[in-house]
Amino acid sequence: TYPATQLQFVRATAGPLLSNGAVQAAVSTPGTLIIGGTHLGATPGANGSGVVLTLEFNALAAGSGSFAFTRNSALNSTGAAVPGLNWLAGSVTVTK
């Protein structure tokens with residue numbers, strides 16, 4: 001989730017860790033995104049640490065809010081959960 005009063009979602013782009021992959025993102029309700037990233041076909045999966053994706057927002061109004069992750073998961077090429085991942089929330093302050 002993100003603070004929809006302060007931010008408007010623009011796009012999601014694949015980061016270096018998904019260099020040959022794809023990212024899709026859609027606003028399901030204001031302030032809630034559904035995001036998916038993948039490597040398709042005979043492409044080796046990601047390995048190591050790094051940026052998976054970048055989310056871009058436009059500032060709408062001054063104020064503060066928080067980002068949170070829910071129902072998040074990461075799966076390997078066999079569909080098994082990837083162990084040892086950290087999902088970090090954050091906050092934003094917009095000044096206009």
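Where does Ala 59 lie?

Modeller: Ala 59 lies in strand β4. Before we look around it, a word on the model: it is predicted, so local features need a pLDDT of at least 70 and side-chain atom pairs count only at pLDDT 80 or more, while totals for chains, interfaces and linings use all residues. Residues are numbered from 1 along each chain as its sequence is written, and side-chain values use heavy atoms, with hydrogens and water left out.

Strands here are DSSP runs of E with at least two residues, helices are runs of H or I with at least four, and both are numbered from the N terminus. By that count the protein has six strands and zero helices, giving the pattern β-β-β-β-β-β along the sequence.

Back to Ala 59. This residue counts as partly exposed because its relative accessibility is 40%, and the class runs between buried (under 20% relative accessible area) and exposed (over 50%), with a 1.4 Å probe and protein chains only. Leaving aside neighbours within four places in sequence, Ala 59 is in contact (heavy atoms within 4.5 Å) with Gln 6, Leu 7, Val 94 and Lys 96. For a sense of distance, Ala 59 and Pro 44 are 15 residues apart in sequence, yet 37 Å apart in space from C-alpha to C-alpha. The C-alpha trace of the whole protein spans about 45 × 25 × 25 Å along its principal axes.

Gln 6 sits in the segment before β1. With a relative accessible area of 9%, Gln 6 is buried. Buried residues make up 18% of the 96 residues in the protein. Setting aside residues up to four places away in sequence, Gln 6 touches Ala 59 along with Asn 58, Leu 60, Ala 61, Ala 62, Gly 63, Ser 64 and Val 94. Across the protein, residues 24 or more positions apart account for 63% of the contacts that have a separation of 6 or more.

The structure holds one salt bridge (a side-chain nitrogen of Lys or Arg within 4 Å of a carboxyl oxygen of Asp or Glu). Glu 56 forms that salt bridge with Arg 11, and their closest N and O atoms are 3.0 Å apart. The pair links distant parts of the chain, 45 residues apart: Arg 11 belongs to strand β1 (residues 7-14) and Glu 56 to strand β4 (residues 53-59). Both partners are partly exposed: the relative accessible area of Arg 11 is 42%, and Glu 56 stands at 31%.

Not counting residues up to four places away in sequence, Val 51 touches Gly 15, Pro 16, Leu 17 and Leu 18.

A pocket is found on a 1 Å grid over the protein atoms alone, as an open set of points with protein on both sides within 12 Å along at least five of seven lines; a 1.4 Å probe must fit without getting out for a cavity, and lining residues have an atom within 4 Å of a point. The largest pocket holds about 1,700 Å³ of space, a volume filled by probe spheres set on the points, with points joined across faces, edges and corners. Of its 45 lining residues, the closest to the centre are Val 52, Leu 53, Ser 73, Ala 74 and Trp 87. β3 (32-38) and β4 each supply at least two residues of this lining, and β3 gives the largest share, seven residues.
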